[in-house]
Amino acid sequence: PLRGAVAAIYWFARTADDIADEGDATPSQRLADLSAYRADLAAIAKGLPPSPRWQTVFAPLQIAMDRHRLPVGLLGDLLSAFEQDVVKTRYVDRAEVLDYCSRSANPVGRLLLHLYGVQDAESLVQSDAICTALQLINFWQDLGIDTARGRLYLPMADIASHGLSVDG
C-alpha cells in the first residue's frame with residue numbers, strides 16, 4: 001500500500017538531484033530550475049496544481065502528500081541540499097559535511113519512517129545515523145565522479161591533517 005508514496009518520494013528526489021547534477025546547464029540555470037521545482041512543491045503543498053513541466057513528478061507526490069500527510073519541510077530540506085550542490089564545491093570540516101547529510105540523506109529516512117508511522121526519537125536518531133553513513137559511503141564511492149564535476153565532499157581539514165592537498 002505504500003509503494004506509490006515511496007515511488008513518488010524517490011522520483012521527487014531523483015529528478016531534483018538530476019537538475020542539480022546532470023546535463024550541461026549553467027549553475028544559474030540549475031538554480032532557476034530548482035527554484036521552479038521548489039515553487040511546484042509549494043503549490044502542491046497548498047493543494048494547487050503544479051506547473052506542467054514536472055507534472056509526472058508532482059501529481060503522484062501530491063497524492064502521497066494528501067494521503068500520508070508527508071512533512072513538506074523534509075522535502076524542502078532535500079531541495080536545499082541539491083541547491084547547495086550547485087554552489088558549494090568544498091567542505092571545510094566534518095561539521096559542514098554532516099550538515100549537508102542532514103539535508104541530503106536524513107530526510108529520506110525520516111520520510112520513510114513517517115509512511116510507516118514511526119516517529120519516536122530513538123528511531124529518528126538511528127535513521128539519521130544510517131542515512132548519514134550511506135551518504136558518506138556514496139561520497140567515497142563516487143569520489144572520481146564528483147571530483148570530475150568539481151566537487152569534493154572530503155573535509156579539507158581531514159585532507160590537510162593527513163599532509164595531503166587537493167592539488168596533488
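A disulfide is counted when two cysteine sulfur atoms lie within 2.5 Å of each other. The structure shown is a predicted model, in which local features need pLDDT of at least 70, side-chain atom pairs count only at pLDDT 80 or more, and totals for chains, interfaces and linings use all residues. Residues are numbered from 1 along each chain as its sequence is written, and side-chain values use heavy atoms, with hydrogens and water left out.

**View A. The cysteines C101 and C131.**
A disulfide is a covalent bond between the sulfur atoms of two cysteines. A search of the whole structure finds 0 of them. For C101, the closest cysteine sulfur is that of C131, at 9.9 Å, which is too far for a bond. Both residues can be described by burial, where buried means under 20% relative accessible area, exposed means over 50%, and partly exposed lies in between (1.4 Å probe, protein chains only). C101 is buried, at 0% relative accessibility. C131 is also buried, with a relative accessible area of 13%.

**View B. The aromatic pair of Y37 and W54.**
Rings of Phe, Tyr and Trp (for Trp, the six-membered ring) form a pair if their centres lie within 6.5 Å; planes under 30 degrees apart are called stacked, over 60 edge-to-face, and the rest tilted. The whole structure holds 10 aromatic pairs. In one of them, the ring centres of Y37 and W54 are 5.0 Å apart and the planes meet at 85 degrees, so this pair is edge-to-face. Helices in these legends are DSSP runs (H or I, at least four residues), as are strands (E, at least two), and they are numbered from the N terminus. Y37 belongs to helix α2 (residues 27–45), while W54 is in the loop between α2 and α3 (55–68), and the two are 17 residues apart. Both Y37 and W54 are buried. Ring pairs also join these two with F12 and F58 in a cluster.

**View C. The aromatic pair of Y100 and Y153.**
The ring centres of Y100 and Y153 are 5.4 Å apart with planes at 40 degrees, so the pair is tilted. Y100 is part of helix α5 (residues 94–104) and Y153 is in the loop between α8 (143–148) and α9 (156–161), so the pair ties together parts that are 53 residues apart in sequence. Y100 and Y153 are both buried.

**View D. The nonpolar cores.**
A nonpolar core is a set of buried Ala, Val, Leu, Ile, Met, Phe, Trp, Tyr and Cys residues joined through side-chain atoms within 4.5 Å. The largest has 28 residues, and those with the most contacts inside it are F12, Y37, L41, F58, L61, L70 and L75. At least two residues come from each of α1 (3–21), α2, α3, α4 (72–87) and α6 (106–115). Helix α1 gives the most, with 8 residues. For single residues, contact means heavy atoms within 4.5 Å. Not counting residues up to four places away in sequence, L75 touches F12, L41, L61, M65 and L111. A second, separate core has 8 residues, including Y91, Y100, C101 and L136.

**View E. A lysine over a ring: K88 and Y91.**
A charge sits over a ring if NZ of Lys or CZ of Arg is within 6 Å of the ring centre and within 35 degrees of the ring normal. The charged end of K88 sits over the ring of Y91, at 5.1 Å from its centre.

**View F. The aspartates D33 and D17.**
D33 lies in helix α2. D33 is buried, with a relative accessible area of 11%. A polar contact is a pair of N or O atoms within 3.5 Å; within protein, one must be able to donate a hydrogen and the other to accept it, and residues adjacent in sequence count only if both atoms are side-chain atoms. The side chains of D33 and Q29 make such a contact, at 2.6 Å. Beyond residues up to four places away in sequence, D33 touches I19, R53 and W54. D17, in helix α1, is buried as well, with a relative accessible area of 17%. Leaving aside neighbours within four places in sequence, D17 is in contact with F82 and D85.

**View G. The loop residue R69.**
Most residues other than glycine have a negative phi. R69 is not a glycine, yet has a positive phi of about 55 degrees. R69 lies in the loop between α3 and α4. R69 is exposed, with a relative accessible area of 62%.
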